[in-house]
Amino acid sequence: MSAMEYFHSVHLDEERCQACTICTTRCPTEAIRVYQGKARILDERCIDCGECMRTCPQEAKMGRVDPLDDVFRYPYAVALIPPSLYSQIPPKQFQVDSLVNALAALGFDAVADVGHGAEHTAAAYKEYLRESTVRPLISSACPAVVRLIQVRFDELLPNVIPIESPMETTAALVRELLQQEGRDPEDIGIFFITPCPAKVTAVKQPAGRSGSNIAGVLSMSDVYQELYPRLNHKGNPQGRRLFPLSRPGVRWGYTAAQAFEVRGTHLSLEGLDQVVEVLDDLSLGKLPGVDFIEANACPGGCIGGCLTVQSRFQGQVNMHRNIRALSTRNPLPEGEFQRRYQNGFYRMALPLESRPAQPLHEDMGQAMQLMLQQEELLRKLPGLDCGACGSPNCKSLAEDIVRGWTTEMDCIFVLREVVQNVAKELWDLAQQVPPTLHKRNQIDDTES
Ligand code: SF4
Ligand code: SF4
(Lines give C-alpha, C1' and ligand atoms only; values in the text may rest on other atoms or scores of the structure.)
(Ligands and ions follow the chains in the order given, each with its own letter.)
Protein backbone atom coordinates (compact mmCIF):
# COMPACT_ATOMS: atom_id res chain seq x y z
CA MET A 1 0.00 0.00 0.00
CA SER A 2 1.41 3.40 -0.91
CA ALA A 3 1.97 6.06 1.75
CA MET A 4 -0.37 8.45 -0.07
CA GLU A 5 -4.03 7.66 -0.75
CA TYR A 6 -4.79 8.12 -4.43
CA PHE A 7 -8.20 8.76 -5.93
CA HIS A 8 -8.86 6.78 -9.07
CA SER A 9 -11.75 7.04 -11.45
CA VAL A 10 -10.81 3.81 -13.24
CA HIS A 11 -11.72 0.68 -11.32
CA LEU A 12 -12.40 -3.00 -11.88
CA ASP A 13 -15.63 -4.96 -11.76
CA GLU A 14 -14.20 -8.27 -10.49
CA GLU A 15 -17.27 -10.25 -11.52
CA ARG A 16 -16.65 -9.43 -15.17
CA CYS A 17 -12.88 -9.96 -15.24
CA GLN A 18 -11.92 -13.21 -17.00
CA ALA A 19 -8.18 -12.84 -16.27
CA CYS A 20 -7.30 -12.74 -19.97
CA THR A 21 -4.31 -10.41 -19.21
CA ILE A 22 -4.95 -8.21 -22.29
CA CYS A 23 -5.04 -5.07 -20.16
CA THR A 24 -1.70 -5.78 -18.44
CA THR A 25 0.33 -5.32 -21.60
CA ARG A 26 -1.59 -2.22 -22.78
CA CYS A 27 -1.20 -0.17 -19.60
CA PRO A 28 1.42 2.57 -20.20
CA THR A 29 2.62 2.54 -16.60
CA GLU A 30 2.60 -1.23 -16.00
CA ALA A 31 -0.03 -0.69 -13.32
CA ILE A 32 -2.01 -3.91 -13.80
CA ARG A 33 -1.32 -7.43 -12.56
CA VAL A 34 -3.50 -10.51 -12.91
CA TYR A 35 -3.16 -12.68 -9.82
CA GLN A 36 -5.44 -15.37 -8.47
CA GLY A 37 -7.75 -15.13 -11.44
CA LYS A 38 -8.48 -11.38 -11.29
CA ALA A 39 -6.88 -8.15 -12.52
CA ARG A 40 -5.54 -5.74 -9.87
CA ILE A 41 -4.66 -2.05 -10.41
CA LEU A 42 -1.60 -0.76 -8.56
CA ASP A 43 -2.78 2.45 -6.98
CA GLU A 44 0.41 4.47 -7.14
CA ARG A 45 1.07 3.69 -10.82
CA CYS A 46 -2.37 4.16 -12.40
CA ILE A 47 -2.79 7.47 -14.27
CA ASP A 48 -6.49 6.95 -15.10
CA CYS A 49 -5.79 7.13 -18.81
CA GLY A 50 -8.62 4.67 -19.54
CA GLU A 51 -6.54 2.54 -21.92
CA CYS A 52 -7.60 -0.60 -20.01
CA MET A 53 -11.26 0.43 -20.33
CA ARG A 54 -10.78 0.77 -24.06
CA THR A 55 -9.11 -2.62 -24.48
CA CYS A 56 -10.90 -4.93 -22.01
CA PRO A 57 -13.07 -7.32 -24.05
CA GLN A 58 -15.28 -7.97 -21.00
CA GLU A 59 -15.86 -4.27 -20.20
CA ALA A 60 -14.61 -5.07 -16.71
CA LYS A 61 -12.89 -1.69 -16.27
CA MET A 62 -15.04 1.37 -15.77
CA GLY A 63 -14.81 5.05 -14.88
CA ARG A 64 -16.22 6.35 -11.59
CA VAL A 65 -18.25 9.58 -12.15
CA ASP A 66 -20.85 11.59 -10.24
CA PRO A 67 -24.58 10.95 -10.66
CA LEU A 68 -26.62 13.38 -12.80
CA ASP A 69 -28.92 14.13 -9.86
CA ASP A 70 -26.08 15.92 -8.04
CA VAL A 71 -26.93 18.95 -10.21
CA PHE A 72 -30.00 19.55 -8.03
CA ARG A 73 -27.90 19.89 -4.88
CA TYR A 74 -26.97 23.45 -5.90
CA PRO A 75 -29.26 26.50 -6.24
CA TYR A 76 -27.27 27.64 -9.30
CA ALA A 77 -25.84 24.83 -11.43
CA VAL A 78 -23.47 25.49 -14.34
CA ALA A 79 -22.54 22.90 -16.97
CA LEU A 80 -19.00 23.12 -18.36
CA ILE A 81 -19.25 21.96 -21.97
CA PRO A 82 -15.99 20.48 -23.27
CA PRO A 83 -15.24 20.94 -26.98
CA SER A 84 -15.53 17.16 -27.47
CA LEU A 85 -19.27 17.29 -26.71
CA TYR A 86 -19.75 19.15 -30.01
CA SER A 87 -18.30 16.11 -31.80
CA GLN A 88 -21.03 13.85 -30.44
CA ILE A 89 -23.98 15.64 -31.97
CA PRO A 90 -25.03 14.65 -35.50
CA PRO A 91 -24.93 17.79 -37.72
CA LYS A 92 -28.67 17.47 -38.48
CA GLN A 93 -29.45 17.86 -34.77
CA PHE A 94 -26.93 20.64 -34.17
CA GLN A 95 -27.96 24.22 -33.49
CA VAL A 96 -25.75 26.63 -31.58
CA ASP A 97 -28.32 27.08 -28.82
CA SER A 98 -29.76 23.58 -28.82
CA LEU A 99 -27.25 22.40 -26.22
CA VAL A 100 -28.05 25.28 -23.88
CA ASN A 101 -31.76 24.46 -24.04
CA ALA A 102 -31.23 20.74 -23.60
CA LEU A 103 -28.91 21.27 -20.62
CA ALA A 104 -31.44 23.68 -19.09
CA ALA A 105 -33.99 20.86 -19.33
CA LEU A 106 -31.58 18.68 -17.30
CA GLY A 107 -31.48 21.23 -14.47
CA PHE A 108 -28.62 23.55 -15.43
CA ASP A 109 -29.15 27.28 -14.96
CA ALA A 110 -26.24 28.22 -17.20
CA VAL A 111 -23.57 26.73 -19.45
CA ALA A 112 -19.96 27.74 -20.02
CA ASP A 113 -17.84 26.50 -22.91
CA VAL A 114 -14.45 25.12 -22.01
CA GLY A 115 -13.47 26.26 -25.50
CA HIS A 116 -13.60 29.79 -24.13
CA GLY A 117 -11.15 28.84 -21.36
CA ALA A 118 -9.02 27.16 -24.06
CA GLU A 119 -8.64 30.51 -25.83
CA HIS A 120 -7.29 31.98 -22.58
CA THR A 121 -5.02 28.93 -22.19
CA ALA A 122 -3.69 29.30 -25.75
CA ALA A 123 -2.82 32.95 -25.10
CA ALA A 124 -1.14 32.01 -21.79
CA TYR A 125 0.85 29.23 -23.51
CA LYS A 126 2.09 31.72 -26.14
CA GLU A 127 3.16 34.13 -23.44
CA TYR A 128 4.90 31.39 -21.44
CA LEU A 129 6.73 30.17 -24.55
CA ARG A 130 8.00 33.70 -25.06
CA GLU A 131 9.36 34.04 -21.53
CA SER A 132 10.70 30.50 -20.89
CA THR A 133 14.03 29.20 -22.16
CA VAL A 134 13.10 25.54 -21.55
CA ARG A 135 12.58 23.54 -24.74
CA PRO A 136 10.55 21.69 -25.70
CA LEU A 137 7.61 22.80 -23.60
CA ILE A 138 4.89 20.19 -23.16
CA SER A 139 1.20 21.08 -22.99
CA SER A 140 -0.43 20.44 -19.61
CA ALA A 141 -3.98 20.26 -21.00
CA CYS A 142 -4.31 16.44 -20.94
CA PRO A 143 -4.32 15.28 -17.30
CA ALA A 144 -3.42 11.69 -18.26
CA VAL A 145 -0.23 12.94 -19.93
CA VAL A 146 0.64 15.10 -16.91
CA ARG A 147 0.21 12.03 -14.61
CA LEU A 148 2.21 9.89 -17.02
CA ILE A 149 5.10 12.34 -16.75
CA GLN A 150 4.76 12.43 -12.93
CA VAL A 151 4.80 8.63 -12.69
CA ARG A 152 7.16 7.50 -15.45
CA PHE A 153 9.10 10.48 -16.86
CA ASP A 154 9.60 12.75 -13.85
CA GLU A 155 12.85 14.12 -15.30
CA LEU A 156 10.62 15.92 -17.84
CA LEU A 157 8.49 17.74 -15.22
CA PRO A 158 10.35 21.06 -15.83
CA ASN A 159 9.20 20.86 -19.46
CA VAL A 160 5.49 20.79 -18.58
CA ILE A 161 3.90 24.24 -19.00
CA PRO A 162 2.73 25.26 -15.48
CA ILE A 163 -0.52 26.77 -16.80
CA GLU A 164 -3.90 25.47 -15.63
CA SER A 165 -6.01 23.32 -17.96
CA PRO A 166 -8.79 24.96 -20.01
CA MET A 167 -11.28 23.09 -17.77
CA GLU A 168 -9.98 24.68 -14.54
CA THR A 169 -9.48 28.09 -16.15
CA THR A 170 -13.08 28.08 -17.40
CA ALA A 171 -14.35 27.07 -13.94
CA ALA A 172 -12.34 29.91 -12.35
CA LEU A 173 -13.79 32.40 -14.89
CA VAL A 174 -17.32 31.15 -14.13
CA ARG A 175 -16.86 31.58 -10.37
CA GLU A 176 -15.36 35.02 -10.84
CA LEU A 177 -18.24 36.17 -13.07
CA LEU A 178 -21.04 34.77 -10.91
CA GLN A 179 -19.55 36.14 -7.70
CA GLN A 180 -19.17 39.55 -9.33
CA GLU A 181 -22.90 39.31 -10.04
CA GLY A 182 -23.49 38.83 -6.34
CA ARG A 183 -24.08 35.07 -6.13
CA ASP A 184 -23.16 33.28 -2.94
CA PRO A 185 -20.13 31.03 -3.71
CA GLU A 186 -21.81 28.21 -1.75
CA ASP A 187 -24.79 28.28 -4.13
CA ILE A 188 -22.71 27.76 -7.27
CA GLY A 189 -22.27 24.17 -8.44
CA ILE A 190 -20.03 23.79 -11.50
CA PHE A 191 -20.24 20.42 -13.30
CA PHE A 192 -17.86 19.24 -15.97
CA ILE A 193 -19.12 16.83 -18.64
CA THR A 194 -16.14 14.59 -19.13
CA PRO A 195 -15.02 12.59 -22.17
CA CYS A 196 -12.48 10.58 -20.11
CA PRO A 197 -11.75 9.25 -16.60
CA ALA A 198 -8.47 11.22 -16.35
CA LYS A 199 -10.46 14.46 -16.03
CA VAL A 200 -12.52 13.00 -13.19
CA THR A 201 -9.30 12.36 -11.29
CA ALA A 202 -7.99 15.82 -12.28
CA VAL A 203 -10.98 17.31 -10.44
CA LYS A 204 -11.13 14.96 -7.45
CA GLN A 205 -7.37 14.99 -6.83
CA PRO A 206 -5.85 17.79 -8.91
CA ALA A 207 -2.17 18.02 -9.82
CA GLY A 208 -0.67 21.50 -9.48
CA ARG A 209 -3.39 22.84 -7.16
CA SER A 210 -4.89 21.91 -3.80
CA GLY A 211 -8.55 21.78 -4.85
CA SER A 212 -10.84 22.31 -7.82
CA ASN A 213 -13.49 24.91 -8.61
CA ILE A 214 -15.56 22.08 -10.03
CA ALA A 215 -18.18 20.43 -7.78
CA GLY A 216 -18.87 17.33 -9.83
CA VAL A 217 -17.93 15.42 -12.97
CA LEU A 218 -20.55 13.81 -15.17
CA SER A 219 -19.88 11.16 -17.77
CA MET A 220 -20.38 12.38 -21.34
CA SER A 221 -22.16 9.17 -22.26
CA ASP A 222 -24.60 9.49 -19.31
CA VAL A 223 -25.33 13.14 -20.17
CA TYR A 224 -25.64 12.47 -23.88
CA GLN A 225 -28.31 9.82 -23.38
CA GLU A 226 -30.42 12.44 -21.62
CA LEU A 227 -29.51 15.27 -24.00
CA TYR A 228 -30.12 13.56 -27.31
CA PRO A 229 -33.93 13.40 -27.14
CA ARG A 230 -34.01 17.08 -26.12
CA LEU A 231 -31.73 18.47 -28.83
CA ASN A 232 -34.46 19.44 -31.25
CA HIS A 233 -36.11 21.82 -28.83
CA LYS A 234 -36.66 25.06 -30.79
CA GLY A 235 -37.16 28.58 -29.54
CA ASN A 236 -35.21 30.95 -27.37
CA PRO A 237 -32.59 29.46 -25.09
CA GLN A 238 -34.04 28.63 -21.69
CA GLY A 239 -30.64 28.59 -20.02
CA ARG A 240 -27.84 31.09 -20.19
CA ARG A 241 -24.52 30.85 -22.03
CA LEU A 242 -21.94 32.63 -19.89
CA PHE A 243 -19.20 33.17 -22.49
CA PRO A 244 -19.08 33.58 -26.27
CA LEU A 245 -18.32 30.53 -28.34
CA SER A 246 -15.81 30.37 -31.18
CA ARG A 247 -14.17 27.89 -33.52
CA PRO A 248 -10.55 28.06 -32.25
CA GLY A 249 -11.60 27.12 -28.70
CA VAL A 250 -13.90 24.30 -29.77
CA ARG A 251 -11.14 22.90 -32.01
CA TRP A 252 -9.25 21.95 -28.82
CA GLY A 253 -11.46 18.85 -28.82
CA TYR A 254 -9.16 17.25 -31.35
CA THR A 255 -5.47 16.90 -32.04
CA ALA A 256 -3.37 19.70 -33.56
CA ALA A 257 -5.60 22.60 -32.41
CA GLN A 258 -3.21 23.56 -29.60
CA ALA A 259 -0.14 23.45 -31.80
CA PHE A 260 -1.95 25.50 -34.45
CA GLU A 261 -2.75 28.18 -31.86
CA VAL A 262 0.65 28.25 -30.19
CA ARG A 263 2.78 28.06 -33.38
CA GLY A 264 6.58 27.55 -33.29
CA THR A 265 8.18 24.21 -34.19
CA HIS A 266 5.83 21.68 -32.74
CA LEU A 267 4.72 18.08 -32.54
CA SER A 268 1.10 17.02 -32.12
CA LEU A 269 0.75 13.60 -30.51
CA GLU A 270 -2.34 11.46 -30.11
CA GLY A 271 -2.65 8.12 -28.33
CA LEU A 272 -0.41 6.76 -25.63
CA ASP A 273 1.85 4.82 -27.99
CA GLN A 274 2.95 8.06 -29.68
CA VAL A 275 3.15 9.96 -26.40
CA VAL A 276 5.31 7.31 -24.68
CA GLU A 277 7.60 7.01 -27.71
CA VAL A 278 8.23 10.75 -27.81
CA LEU A 279 8.66 11.08 -24.02
CA ASP A 280 11.14 8.19 -24.16
CA ASP A 281 13.09 10.07 -26.85
CA LEU A 282 12.98 13.33 -24.88
CA SER A 283 14.28 11.69 -21.73
CA LEU A 284 17.23 10.40 -23.77
CA GLY A 285 17.95 13.94 -24.94
CA LYS A 286 16.70 13.32 -28.47
CA LEU A 287 14.42 15.59 -30.53
CA PRO A 288 16.32 18.88 -30.37
CA GLY A 289 14.80 21.92 -32.05
CA VAL A 290 11.19 21.34 -30.94
CA ASP A 291 9.49 24.29 -29.19
CA PHE A 292 6.15 22.86 -28.22
CA ILE A 293 4.62 19.42 -27.81
CA GLU A 294 0.89 18.93 -27.76
CA ALA A 295 0.27 15.50 -26.27
CA ASN A 296 -3.14 13.83 -26.05
CA ALA A 297 -3.46 10.44 -24.36
CA CYS A 298 -6.55 9.53 -26.39
CA PRO A 299 -6.38 8.74 -30.10
CA GLY A 300 -7.70 11.75 -32.02
CA GLY A 301 -7.60 13.93 -28.88
CA CYS A 302 -10.52 14.31 -26.43
CA ILE A 303 -13.04 13.25 -29.10
CA GLY A 304 -11.48 9.77 -28.70
CA GLY A 305 -12.03 9.67 -24.90
CA CYS A 306 -13.44 6.41 -23.57
CA LEU A 307 -16.51 8.08 -22.00
CA THR A 308 -17.70 9.49 -25.34
CA VAL A 309 -20.48 7.86 -27.36
CA GLN A 310 -19.47 8.25 -31.00
CA SER A 311 -16.45 6.65 -32.64
CA ARG A 312 -13.63 9.17 -32.91
CA PHE A 313 -13.92 9.09 -36.69
CA GLN A 314 -17.62 9.93 -36.58
CA GLY A 315 -16.72 12.55 -33.96
CA GLN A 316 -14.24 14.14 -36.36
CA VAL A 317 -16.83 14.30 -39.14
CA ASN A 318 -19.46 15.80 -36.80
CA MET A 319 -17.01 18.34 -35.42
CA HIS A 320 -15.91 19.58 -38.87
CA ARG A 321 -19.53 20.14 -39.82
CA ASN A 322 -20.77 21.59 -36.51
CA ILE A 323 -18.08 24.20 -35.97
CA ARG A 324 -18.94 25.90 -39.26
CA ALA A 325 -21.89 27.43 -37.41
CA LEU A 326 -19.56 29.17 -34.92
CA SER A 327 -17.86 32.55 -35.19
CA THR A 328 -14.29 32.38 -36.44
CA ARG A 329 -12.67 34.08 -33.47
CA ASN A 330 -13.47 35.78 -30.22
CA PRO A 331 -10.39 37.89 -29.40
CA LEU A 332 -9.68 38.31 -25.70
CA PRO A 333 -9.30 41.93 -24.60
CA GLU A 334 -5.47 42.31 -24.57
CA GLY A 335 -5.38 44.49 -21.43
CA GLU A 336 -7.55 42.06 -19.50
CA PHE A 337 -5.50 39.04 -20.61
CA GLN A 338 -2.20 40.72 -19.64
CA ARG A 339 -3.58 41.73 -16.26
CA ARG A 340 -4.68 38.17 -15.56
CA TYR A 341 -1.41 36.71 -16.84
CA GLN A 342 0.70 39.07 -14.73
CA ASN A 343 -1.27 38.40 -11.53
CA GLY A 344 -0.89 34.62 -11.98
CA PHE A 345 -4.53 33.85 -12.77
CA TYR A 346 -3.55 31.15 -15.29
CA ARG A 347 -0.65 29.62 -13.36
CA MET A 348 -0.75 26.35 -11.43
CA ALA A 349 -0.65 27.22 -7.74
CA LEU A 350 1.62 24.29 -6.80
CA PRO A 351 4.59 22.66 -8.51
CA LEU A 352 3.94 19.34 -10.24
CA GLU A 353 5.48 16.62 -8.13
CA SER A 354 7.11 13.38 -9.07
CA ARG A 355 5.18 10.19 -8.26
CA PRO A 356 7.82 7.48 -8.57
CA ALA A 357 7.04 3.80 -7.92
CA GLN A 358 7.45 2.51 -4.37
CA PRO A 359 11.09 1.55 -3.70
CA LEU A 360 11.83 -2.17 -3.40
CA HIS A 361 12.68 -1.61 0.28
CA GLU A 362 12.72 1.34 2.69
CA ASP A 363 16.35 0.58 3.53
CA MET A 364 18.79 1.59 0.72
CA GLY A 365 21.11 -1.38 1.28
CA GLN A 366 18.26 -3.90 1.24
CA ALA A 367 16.79 -2.22 -1.84
CA MET A 368 20.14 -2.67 -3.63
CA GLN A 369 20.21 -6.34 -2.67
CA LEU A 370 16.70 -6.84 -4.03
CA MET A 371 17.63 -5.03 -7.23
CA LEU A 372 20.54 -7.45 -7.75
CA GLN A 373 18.19 -10.38 -7.09
CA GLN A 374 15.77 -8.92 -9.60
CA GLU A 375 18.49 -8.71 -12.27
CA GLU A 376 19.56 -12.28 -11.52
CA LEU A 377 15.97 -13.49 -11.84
CA LEU A 378 15.47 -11.57 -15.07
CA ARG A 379 18.40 -13.40 -16.62
CA LYS A 380 16.63 -16.71 -15.88
CA LEU A 381 13.30 -15.65 -17.40
CA PRO A 382 12.72 -16.27 -21.13
CA GLY A 383 12.51 -12.56 -22.08
CA LEU A 384 9.48 -13.09 -24.33
CA ASP A 385 7.32 -10.54 -22.47
CA CYS A 386 4.26 -12.69 -23.24
CA GLY A 387 2.31 -11.48 -20.18
CA ALA A 388 0.88 -14.97 -19.56
CA CYS A 389 2.16 -14.82 -15.97
CA GLY A 390 -0.15 -11.88 -15.16
CA SER A 391 2.67 -9.30 -15.04
CA PRO A 392 3.07 -7.05 -18.08
CA ASN A 393 6.55 -8.31 -19.00
CA CYS A 394 9.48 -10.40 -17.70
CA LYS A 395 11.10 -7.40 -16.00
CA SER A 396 7.92 -6.68 -14.02
CA LEU A 397 7.58 -10.35 -13.07
CA ALA A 398 11.15 -10.33 -11.71
CA GLU A 399 10.28 -7.19 -9.72
CA ASP A 400 7.01 -8.72 -8.46
CA ILE A 401 8.87 -11.83 -7.30
CA VAL A 402 11.43 -9.86 -5.25
CA ARG A 403 8.59 -7.78 -3.80
CA GLY A 404 7.09 -11.10 -2.62
CA TRP A 405 3.90 -10.71 -4.66
CA THR A 406 4.37 -13.87 -6.72
CA THR A 407 6.83 -16.68 -7.52
CA GLU A 408 8.85 -17.88 -10.51
CA MET A 409 6.30 -20.68 -11.00
CA ASP A 410 3.88 -18.12 -12.50
CA CYS A 411 6.07 -18.13 -15.62
CA ILE A 412 4.79 -20.98 -17.81
CA PHE A 413 8.27 -21.48 -19.31
CA VAL A 414 9.94 -21.80 -15.90
CA LEU A 415 7.12 -24.07 -14.77
CA ARG A 416 7.51 -26.25 -17.88
CA GLU A 417 11.24 -26.58 -17.28
CA VAL A 418 10.65 -27.55 -13.64
CA VAL A 419 8.01 -30.11 -14.68
CA GLN A 420 10.39 -31.52 -17.34
CA ASN A 421 13.17 -31.84 -14.76
CA VAL A 422 10.86 -33.53 -12.26
CA ALA A 423 9.62 -35.90 -15.01
CA LYS A 424 13.22 -36.72 -15.95
CA GLU A 425 14.13 -37.40 -12.34
CA LEU A 426 11.08 -39.65 -11.95
CA TRP A 427 12.06 -41.51 -15.11
CA ASP A 428 15.64 -41.94 -13.90
CA LEU A 429 14.29 -43.16 -10.59
CA ALA A 430 11.98 -45.63 -12.30
CA GLN A 431 15.01 -47.15 -14.10
CA GLN A 432 16.77 -47.85 -10.83
CA VAL A 433 16.06 -51.44 -9.76
CA PRO A 434 16.11 -52.02 -5.96
CA PRO A 435 18.96 -54.46 -4.86
CA THR A 436 16.55 -57.21 -3.76
CA LEU A 437 14.69 -57.12 -7.04
CA HIS A 438 18.02 -57.00 -8.86
CA LYS A 439 19.07 -60.39 -7.24
CA ARG A 440 15.66 -61.93 -7.98
CA ASN A 441 16.06 -60.97 -11.66
CA GLN A 442 19.50 -62.62 -11.77
CA ILE A 443 18.10 -65.86 -10.26
CA ASP A 444 15.28 -65.87 -12.81
CA ASP A 445 17.81 -65.49 -15.64
CA THR A 446 19.93 -68.47 -14.34
CA GLU A 447 16.88 -70.73 -13.94
CA SER A 448 15.70 -70.10 -17.39
S1 SF4 B 1 -8.61 -7.22 -20.10
FE2 SF4 B 1 -7.96 -7.16 -17.93
S3 SF4 B 1 -9.81 -6.57 -16.77
FE4 SF4 B 1 -10.48 -7.22 -18.82
S5 SF4 B 1 -11.00 -9.41 -18.56
FE6 SF4 B 1 -8.86 -9.30 -19.29
S7 SF4 B 1 -7.64 -9.33 -17.35
FE8 SF4 B 1 -9.75 -8.81 -16.76
S1 SF4 C 1 -6.33 3.56 -16.42
FE2 SF4 C 1 -4.43 3.56 -17.64
S3 SF4 C 1 -2.80 3.64 -16.10
FE4 SF4 C 1 -4.67 3.01 -15.01
S5 SF4 C 1 -4.60 0.77 -15.00
FE6 SF4 C 1 -5.82 1.40 -16.80
S7 SF4 C 1 -4.33 1.47 -18.50
FE8 SF4 C 1 -3.14 1.47 -16.58
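**Helix packing, ligands and sheet**

Author: Bearing in mind that this is a predicted model, I would begin with the contact in which Leu370, Gln373, Gln374, Leu377 and Leu378 of H14 meet Cys394, Lys395, Ala398, Glu399, Ile401 and Val402 of H15. By class, that contact has 7 nonpolar, 2 polar and 2 charged residues.

Reader: OK, and at what angle do H14 and H15 pack, and how far apart are their axes?

Author: Helix H14, residues 364-380, packs against helix H15, residues 394-402, at an angle of about 135 degrees, and their axes are 9 Å apart. That angle makes H14 oblique to H15, and the crossing of the two helices is right-handed.

Reader: What about H5 and H11, what angle and axis distance do they have?

Author: Helix H5 (residues 143-152) and helix H11 (residues 272-283) pack at about 45 degrees, with 12 Å between their axes.

Reader: Why are those two called oblique?

Author: Angles under 35 degrees count as roughly parallel and 65 to 115 as roughly perpendicular, and the angle here is about 45 degrees, so H5 and H11 are oblique to each other. The crossing of H5 and H11 is right-handed.

Reader: Which residues meet there?

Author: From H5, Val145, Leu148, Ile149 and Arg152 meet Leu272, Val275, Val276, Leu279 and Asp280 of H11. By class, this contact has 7 nonpolar, no polar and 2 charged residues.

Reader: Switching to the ligands, which residues are closest to ligand 1?

Author: Ligand 1 is surrounded by 14 residues, of which Cys17, Gln18, Cys20, Cys23 and Cys56 are the closest. The shell around ligand 1 divides into 10 nonpolar, 3 polar and 1 charged residues.

Reader: And which ones come nearest to ligand 2?

Author: Of the 13 residues around ligand 2, the nearest are Cys27, Cys46, Ile47, Cys49 and Cys52, and by class the shell has 9 nonpolar, 2 polar and 2 charged residues.

Reader: Last topic, the sheet: what is the strand order?

Author: There is an open sheet of 5 strands in the order E9-E8-E5-E6-E10, with parallel pairing. The edge strands, each pairing on one side only, are E9 (216-219) and E10 (240-241). Strand E8, residues 188-194, pairs with E9 in the parallel sense over 4 bridges, and Phe191 has Gly216 in E9 as its bridge partner.

Reader: Which helix packs on the sheet there, touching E8 and E9?

Author: Helix H7 (residues 197-204) does, and its direction makes about 170 degrees with that of E9. Helix H8 (residues 220-227) also packs on the sheet and touches E8 and E9, with its direction at about 65 degrees to that of E9.

Notes. Residues numbered from 1 in each chain as written. Chains lettered and ligands numbered in written order. Predicted model: local features only at pLDDT ≥ 70, side-chain atom pairs only at ≥ 80, totals over all residues. Heavy atoms only, no water. Axes fitted to C-alpha atoms, helices over the stretch in contact; angles between N-to-C directions. Parallel < 35°, antiparallel > 145°, perpendicular 65-115°, else oblique. Left-handed = near helix turned anticlockwise from the far one by under 90°. Contact = heavy atoms within 4.5 Å. Nonpolar A, V, L, I, M, F, W, Y, C, P; charged D, E, K, R; others polar. Near = heavy atom within 4 Å. Pairing = 2+ DSSP bridges.
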